[in-house]
Amino acid sequence: MADRSFSRAGSTTRPTAILGTCFHTPAYGSFEMLEQALIELDGHGVIERVTTPVDPAYRERLRSAREANDRKPGYLLELDKDEVALPGFIDLHVHAPQWPQAGIALDEPLEVWLNERTFPLEAKFGIEAGGSSLGSSFTLPVYQDLVQTLLSRGTTTCVYFGSADVRGSEALAKTCASIGQRAIVGKVVMDDPSANPGFYRDASTEQALAETESFIAAVEGHAARRAEGDPRFPGIYPAVTPRFIPSCTEAALSGLGEIARAHDAYVQSHCDESQWQSGVARERFGKSDAEALADFGLLKRKAVMAHGTFLLDGEAEIFRTTGTALAHCPISNAYFGNAVCPVRRIHGQGVHIGLGTDISGGFSPSLYDNIRMAVMASRILEDGVDARVPSERRGANEPSRVSAAEALYLATKGGGEALDLPIGSFEVGQSLDMQVIDLKRPFADLTGNGVFTRSADQLERILYLSTPENIRKVLVQGTCVLSRDDR
């Protein structure tokens with residue numbers, strides 16, 4: 001459940017400037033600490049100027065910002081001495097209707113987990129009120145709790161699988177809009193009667209495609225109306241969403257590819273998650289998962305494929321040439337991936353990669369936990385796991401480690417690149433998405449008692465030790481959407 005002490009801020013809480021120390025990763029492999037930077041925003045919540053103390057104009061700009069704040073309180077958000085900021089996190093893969101299942105039955109085989117837990121749960125998001133889950137007593141509270149929980153963990157942008165029910169998926173998109181989280185949302189397509197349970201699947205291929213079209217129109221229309229009333233509205237985007245190749249007919253996959261192309265829509269699905277899934281496309285089509293998805297028109301710019309644990313070099317090249325991004329879900333892969341995703345190799349081949357929690361295949365709603373697991377999994381991949389095997393043959397036959405700063409990049413700037421959106425760092429032209437971290441909370445002190453004070457040490461302590469209690473404010477496109485003000 002969301003922490004109820006972390007309340008939603010008023011919709012008018014919109015600073016025009018922020019003063020404080022910020023960490024971000026504008027380039028993969030390194031980080032920057034912007035000490036006592038003054039970040040100024042335009043009228044749309046986009047960063048217009050970043051001034052640091054070494055700039056000759058710093059003192060004058062800061063004086064002007066403080067004077068403006070005296071005239072109009074709230075103009076300047078000034079971080080306290082023990083507070084620092086990180087960019088808002090970008091979660092590239094969440095199954096929203098699985099939120100009540102998080103942490104449940106992860107020791108079960110995948111087919112049991114899906115057929116006895118997941119599908120019956122997801123089906124609940126479309127059976128109320130005569131098939132409409134809009135406004136239902138079950139659907140909306142679950143989605144509201146999930147979105148607020150993710151925001152409270154610093155996640156300002158999220159890519160959501162909805163359910164197979166089109167109205168429930170529309171309710172998810174509207175929930176994100178009303179709470180203030182940027183989101184990409186899709187109505188799941190799973191139309192193959194031979195591969196899906198009778199109680200939970202699309203009634204027909206034709207209906208699945210028609211409902212995808214109507215979902216895109218509904219979300220785009222709602223987003224346009226919201227943006228018209230508020231130029232800082234952070235954006236809700238529809239996504240074409242085949243669950244994965246095993247659940248869809250050839251006609252559905254082909255039709256979804258045509259819809260994605262016609263609307264220049266986002267696409268999300270799973271690719272090469274497990275040994276089983278990786279083999280299905282070869283059995284059905286005589287080609288790899290990535291080759292089949294590409295042939296159906298589902299790999300493209302603004303397409304995000306989850307997992308890629310078994311992505312081969314040739315498939316990574318397809319990702320690179322089509323502009324398709326990969327959502328790395330390290331916690332989920334420990335349960336269902338059958339291997340460790342070779343993030344360093346795939347990124348080195350020119351593929352955009354971000355992080356995903358994969359609720360509920362991954363138990364944690366926090367990208368902090370997935371940053372930590374991404375680092376640990378990469379070390380396990382490089383070093384190997386079986387001590388009985390000689391060290392020279394035990395691990396991957398290549399450098400595989402991912403650093404904490406690189407994992408932060410995946411959770412921020414990498415996710416922005418994956419979505420082709422200007423988010424994920426504190427650079428001019430980027431939307432201001434921010435989480436404010438208090439380093440000195442009771443029982444959550446990140447100061448290190450004054451020992452190891454280099455900027456790299458400070459950042460690593462934040463990434464490895466932060467709890468939700470440390471996150472005091474969350475801003476999305478310049479608007480403060482959640483705040484803990486108890487000082």
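Mentor: Start with the second largest cavity: its lining has three nonpolar, one polar and two charged residues. Keep in mind that this is a predicted model.

Trainee: Which residues line the second largest cavity?
Mentor: E170, A173, K174, A218, V219 and H222. Helices α4 (166–179) and α5 (205–229) each supply at least two residues of that lining.

Trainee: How much space lies in there?
Mentor: About 40 Å³ in the second largest cavity.

Trainee: And the largest cavity, how much space does that hold?
Mentor: About 200 Å³. It is lined by 17 residues, and the closest to its centre are L110, W113, L114, H270 and E273.

Trainee: Which element gives the most to that lining?
Mentor: α2, with four residues. By class, the largest cavity's lining has seven nonpolar, seven polar and three charged residues.

Trainee: What classes of residue line the largest pocket?
Mentor: 11 nonpolar, six polar and three charged. The largest share, five residues, comes from α2.

Trainee: New topic: helix α14. Is α14 mostly covered or mostly uncovered?
Mentor: Mostly covered. Eight of the eight residues in α14 (404–411) are buried, including E406 and Y409.

Trainee: What do they pack against?
Mentor: Several elements, among them β7 (89–95), α12 (367–383) and α16 (455–465).

Notes. Residues are numbered from 1 along each chain as its sequence is written. This is a predicted model: local features need pLDDT of at least 70, side-chain atom pairs count only at pLDDT 80 or more; totals for chains, interfaces and linings use all residues. Side-chain values use heavy atoms; hydrogens and water are left out. Buried means under 20% relative accessible area, exposed over 50%, partly exposed in between (1.4 Å probe, protein chains only). Contact means heavy atoms within 4.5 Å. Ala, Val, Leu, Ile, Met, Phe, Trp, Tyr, Cys and Pro count as nonpolar, Asp, Glu, Lys and Arg as charged, and the others, Gly among them, as polar. On a 1 Å grid over the protein atoms alone, a cavity is a set of points where a 1.4 Å probe fits but cannot get out, and a pocket is an open set with protein on both sides within 12 Å along at least five of seven lines; lining residues have an atom within 4 Å of a point. Grid points are joined across faces, edges and corners, and a volume is the space filled by probe spheres set on the points.
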